[in-house]
Amino acid sequence: MPSGLFSWRAKSFVGLDIGTSRIKMVELAARPDGVELVRAAMESIPAGAIVEGKILDPVSMADAIRRAMAAGKFRSREVVAAVAGQGVVVRHARFPRMPEEELKDAMKWEAQKYIPYPVEEAMLDFTVLPASSSDQQGMEVMLVAAPAELVNSHLEAMELAGLTVVAVDVQPFTMLRALRQLSPSGTADAEDGSVAYVDVGAGTTDIVIANGEVVRFTRIVPIGGATFTKAIADRLGVGFDVAERLKIERGQVHRRGEDVHGSEERALAEAIGEVAEAAVLDIRRSIDYHDLQLSGGAEGVEVKRVILSGGGAVLRGFAEYIGEELGLPTEMFEPLSNITVNPRVASKLEDVGAVGPMLVVGIGLALREVVD
Ligand SMILES: Nc1ncnc2c1ncn2[C@@H]1O[C@H](COP(=O)(O)OP(=O)(O)OP(=O)(O)O)[C@@H](O)[C@H]1O
Ligand SMILES: [Mg+2]
C-alpha cells in the first residue's frame, strides 16, 4: 500500500516500443532507491501493419496499442516512442570549429552525404560530442536522421490511439541508455574498448557499437527471429505458426559439429543453424569494419564484448553460439535485474526472467524521462 498520500504521484513514464512483431509497453517510476517497473504489456501486431520501420496501417496499429494499454492497465497517456529502420541513420561527422548556428547550416549540406534519401525528406538532429584533449582543431558531431514520413507514420498511429508523444527517440540510443543506467559494467569506459550491442528482433538485428558514451557505428541486418521461423517452416514444410511454436518449444542453436539425434530434430537444427551462421557473419563483419576501418587502428578501441537483447536472442543456445563464433565474451542483457518489478506486474508476466531482454528498448525509452 502507498505509504503517503502522494506516493502514487511519484513521477512515472511510459516507453512504447513498436517492433515488427509486437508492441512492448512499459511504465517505470522513479523511487528513492531506484527504478520500479509498474506496468508492462506485450501485444502482437497484425502482419504487414509495420514494414521496415514504417507504419503502413495506422488504424490497426492504433488498435494494437489500445489492446496493449488495456492489457497492462496503463492510465498515463503520455509516451516516449522510438523509430528504427534502414532510413534511421546515426553517423559521426567531423567539422572545423564553428559556432552552433553556422553548424546548423553546414549540417544540412553535410547530412546529405550520409543519408540515402533527399535531405528535405529527413528529420535531422545533431549533438556536438565532447572534444578529446588531443583534438582542439575540429569538432566531432553525431548526426541523427530519420525519414519524416516514417516518423509521421508513428505519430499518426499513436495519436489515433489517444496518446500524447512526449519524445521520439532512435532505437540505438534507447538500448545504450538502458545499458548505461542499468548495467554500469555494460558500457565500460572508453579506455576499456568498445561494446557491440546487438538487438535481435523479429525482423531485423540492430547492431550498435559504442565506445564509452559515444555511438561509433550502427547497422541494421535484415535477419531476425522471423527468419529462423521461416527457415523452419520451409525445411519442415509446415506453416509459420507451427514453425514458430516448434522454434520456441524445441529450437536450439547447436554448437558446430554437435550431434543431433532424430530426423525431425536434425532438420530443425539445420534450419536454425543456417540462419544463426548468417546472423553471426553479419555481426562479425560489422565488428571487423569498426575495428579495422573506423578506429583507424587506434589502440584499445576494438570491440571487447558483446551484449544481446531482443526476443530473437532468447533462442536457446544462440548467445553461447555467438560468443564462441566471435571469440568475444557475450552476455544477455537482463535489465530487470536492476529494476524492482512490481509484484502486480510480475504475477502477470509469464516468465519475468525471459521477458527482460525483450523489454530493453521500451525500458530505455521510459528511462529517458525517469533519469534525465
Ligand atoms: N522463447 C523464445 N525463443 C526463441 N525465440 C523467441 C522466444 N520468444 C520470442 N522469440 C522471438 O522473438 C522475436 C520477437 O522479438 P522482439 O519482440 O524483440 O521483436 P520486435 O521488436 O517485434 O522486432 P524488430 O525489433 O525486428 O522490429 C520473434 O521472432 C519471436 O519468435
Ligand atoms: Mg524490436
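Domain bounds in this briefing come from an automatic or database domain assignment. On that basis, the protein chain of this predicted model is divided into domain 1 (7-86 + 148-183 + 334-371), domain 2 (89-146) and domain 3 (188-332). Local features need pLDDT of at least 70 and side-chain atom pairs count only at pLDDT 80 or more, while totals for chains, interfaces and linings use all residues. Residues are numbered from 1 along each chain as its sequence is written, and chains are lettered from A and ligands numbered from 1 in the order in which they are written.

**Domain arrangement**

- The centres of domain 2 and domain 3, taken over C-alpha atoms, are 31 Å apart.
- Four residues from domain 2 and four residues from domain 3 make up the contact, where two residues are in contact if their C-beta atoms, placed from the backbone, lie within 7 Å.
- On the side of domain 2 that touches domain 3, three residues are nonpolar, one is polar and none is charged; Ala, Val, Leu, Ile, Met, Phe, Trp, Tyr, Cys and Pro count as nonpolar, Asp, Glu, Lys and Arg as charged, and the others, Gly among them, as polar.

**Three-stranded sheet**

- Helices (H or I, at least four residues) and strands (E, at least two) are DSSP runs, numbered from the N terminus, and two strands pair if DSSP finds at least two bridges between them.
- An open, antiparallel sheet is formed by three strands in the order E7-E9-E8.
- Strand E7 (89-96) and strand E8 (122-128) each have a single partner strand at the edges, so one side of each lacks a neighbour in the sheet.
- Neighbouring strands of this sheet are turned by 30 degrees against each other on average, direction ignored; axes are lines fitted to C-alpha atoms, for helices over the stretch in contact, and angles run from 0 to 180 degrees between N-to-C directions.
- Seven bridges join E8 to strand E9 (residues 138-147) in the antiparallel sense, and Met 123 stands opposite Ala 146 in E9.
- Helix H2 (residues 100-114) packs on the sheet, touching E7, E8 and E9, with its direction at about 130 degrees to that of E7.
- Helix H3 (residues 148-160) also packs on the sheet, touching E8 and E9, and its direction makes about 60 degrees with that of E9.

**Six-stranded sheet**

- Six strands in the order E10-E6-E1-E2-E3-E16 form an open sheet of mixed pairing.
- Strand E10 (164-170) and strand E16 (340-341) are the edge strands, each pairing on one side only.
- Strand E2 (residues 22-31) pairs with strand E3 (residues 34-44) in the antiparallel sense over 10 bridges; Ala 30 has Val 35 in E3 as its bridge partner.
- Helix H1 (residues 58-71) packs on the sheet and touches E2 and E3, its direction making about 130 degrees with that of E3.
- Helix H4 (residues 171-182) lies across strand E6 (78-83) and E10, running at about 90 degrees to E10.
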